[in-house]
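Here are my notes for you to read alongside the model. Keep the viewer open and look up each residue as it comes up.

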Amino acid sequence: MLLIETEHLKRRFGRVEAVRDVTLRVPAGAVYAFLGPNGAGKTTTIRILLGLSRADGGAVNLFGAPFARKCLARVGALVEGPTLYPHLTGSENMQVRARLTGASSREIARALAIVRLERDAGRLVRGYSLGMRQRLALAQALLRSPQLLVLDEPTNGLDPAGISEIRELIRGLPTGQGITVFLSSHLLNEVEQVATHLGIVAAGRSRFEGTFDDLRARRGETITIGVDRPAEAERLLRDNGFTVHPAVDRRLSVIAAGREAAARLNALLVAAGFSVHHLSLERPSLEQAFFELTEAA
Amino acid sequence: MTFLRVLLTEIHKLRRTLAVWVVFAAPFVIVLLQFLMFHQRAEYFATKGVLWPTLANNCAGMWGVLMLPLFITLETSLLAGLEHAEKHWRHLLSLAIDPAWFYLAKLVVVLGMVAAAQAVVASLTIGAGLLLRTLKPGLQFPDPIPFELVFGSSLRLYLSALLIVAIHHWVSLRWPSYAFSLGFGMCAMVAGFLIMQSPRYAPWFPWTYPVLNLGMQGAPRIELLYVSAAGAAVLALAGALEFRRRDVA
């Protein structure tokens, strides 16, 4: 089942097209990373998903039905950092949210336990560190055991220890609590360790959606060939339909998929009388694939 | 039921806030000033007679003209600031609750606080009279204590201020800047001072209603109470409808 499904979302602010064409499919049980550079339209898309902003075009389905405010009862959200009442204690902040959502004191205790804040819940929030605030906001989002948790840049401003803490929390949610997580970030390496699915957006448009393996496979592999007459070899390979990067240090880089392609390349060059002294196959890093997708926009 | 939940949450958030202290502090300042004036000029007031009406009118007049518009400005700005300061709206309005309930619940809280302040003004006025009777034997505030006069004028002031509350509530939720909200209230109050001199234009400017209603510019304009109450109700509904359609920053 798809918990979030959007079709060609659009949103414009004056002359700025913040979201031009965003299509998402978030399956139940996933940790879905919604990636894109700053200003790519991630937050605007999240605002639309949460009913904070209206789409100018396209459609949003939550839990298999067109968006309706009542669907939000099954969603927990943390948008653009924690928003807490500093003059209240951690517990009082939880009570504010619990009253609004109808959560019980047992659910408050459970949510505080998940984020490991039971001991500090009696302190005023103005004395909390940023990491504690983030965890308390996450506890608020986890009240009433939502089916879907929407987190917008949840590690923004945190130190490495805080980032690691939040990452561990998120990683355990689908299996431990049965919660699907939709997580936005502009840092690929941050989500790589927790996410199962990936959606990449750039300049307001969806560029990719799938698993990390899909992303690697989409881009193909790099075959590096060392050959005696690189310029002639480059021409030959191009004539045979390969994507070839110009020679560096008498070595050519060819984008192709799989060992079969490498073997075919080698056979082609040897048959044409070239002397092949190096051949290696390299899988692209996710970062390379991500940059190619976002920079192309 | 949902509205009640939102309203209780709004009240819960008032803990340890300046907004609650102002409900007591602002009336206290005004009544204290009147108390000191009566205390210092006891002989003058003793010869003048009609002590309770004089004290009640002075307190209500000073409160209604000087402090009430400022008090409303401060309270609406402080309550809206609770949400604007940390951008709470984006989390409150991503819940499965109609945004209009948040708008209306906050308005009810402000109205409650203004009502509480009016009650404090009236109570302190009576307290000041009784204290003066004890401290200054020349000032014999007579029995019976005129509860009806004091609380009646407080209620009229309250009703005359409803439209100001509704306008200021909309302004303070519409613009997140605390400075803008305070500035708007100050400008409106100063404009009220000027416009209340004009019998022609004063009834069109809500900030003059407390003054006109108290009869400080000609005969008391009781009909303005209806204008204030009806205008506040219309503006509250319009504001709530506009609020639910608003994009959240």
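This is a predicted model: local features need pLDDT of at least 70, side-chain atom pairs count only at pLDDT 80 or more; totals for chains, interfaces and linings use all residues.

1. Residues are numbered from 1 along each chain as its sequence is written, chains are lettered from A and ligands numbered from 1 in the order in which they are written, and side-chain values use heavy atoms, with hydrogens and water left out.

2. Start with strand S7(A), residues 148-152. Helices (H or I, at least four residues) and strands (E, at least two) are DSSP runs, numbered from the N terminus. Is S7(A) enclosed or open? Five of its five residues are buried, so S7(A) is largely enclosed by the rest of the structure. Here buried means under 20% relative accessible area, exposed means over 50%, and partly exposed is in between (1.4 Å probe, protein chains only).

3. Now look at the faces of that strand. In a regular strand the side chains alternate between the two faces of the sheet. In S7(A), Leu148(A), Val150(A) and Asp152(A) sit on one side, Leu149(A) and Leu151(A) on the other, and all are buried.

4. Which strands pair with S7(A)? Strand S6(A), residues 75-78, runs parallel to S7(A) over four bridges, and Ala77(A) has Val150(A) as its bridge partner. Strand S8(A), residues 180-185, is also parallel to S7(A), with five bridges, and Leu151(A) stands opposite Leu183(A). Two strands pair if DSSP finds at least two bridges between them.

5. Thr155(A) counts as buried because its relative accessibility is 8%. Leaving out residues up to four places away in sequence, Thr155(A) touches Gln134(A), Ile163(A), Ile166(A) and Glu190(A). Contact means heavy atoms within 4.5 Å.

6. Val115(A) is another loop residue, between H3(A) and helix H4(A) (130-142). Val115(A) is buried, with a relative accessible area of 0%. Setting aside neighbours within four places in sequence, its contacts are Arg135(A), Leu138(A), Ala139(A), Leu142(A) and Leu169(A). Val115(A) and Glu165(A) are 50 residues apart along the chain, yet their C-alpha atoms are separated by 9.1 Å.

7. Next, find helices H2(A) (residues 90-101) and H3(A) (residues 105-114), whose axes come within 10 Å and cross at roughly 125°. That makes H2(A) oblique to H3(A). The contact is made by Met94(A), Gln95(A) and Ala98(A) of H2(A) with Ile108(A), Ala111(A) and Leu112(A) of H3(A). Axes are lines fitted to C-alpha atoms, for helices over the stretch in contact, and angles run from 0 to 180 degrees between N-to-C directions. Under 35 degrees is roughly parallel, over 145 roughly antiparallel, 65 to 115 roughly perpendicular, and the rest oblique.

8. Finally, there's an open sheet of four strands in the order S12-S13-S11-S14 (chain A), with antiparallel pairing. S12(A) (243-248) and S14(A) (276-282) are the edge strands, each pairing on one side only. Four bridges join S12(A) to S13(A), residues 251-256, and His245(A) has Ser253(A) as its bridge partner. Helix H8(A) (residues 230-239) packs on the sheet, touching S11(A), S12(A) and S13(A), while helix H9(A) (residues 258-271) lies across S11(A), S13(A) and S14(A).
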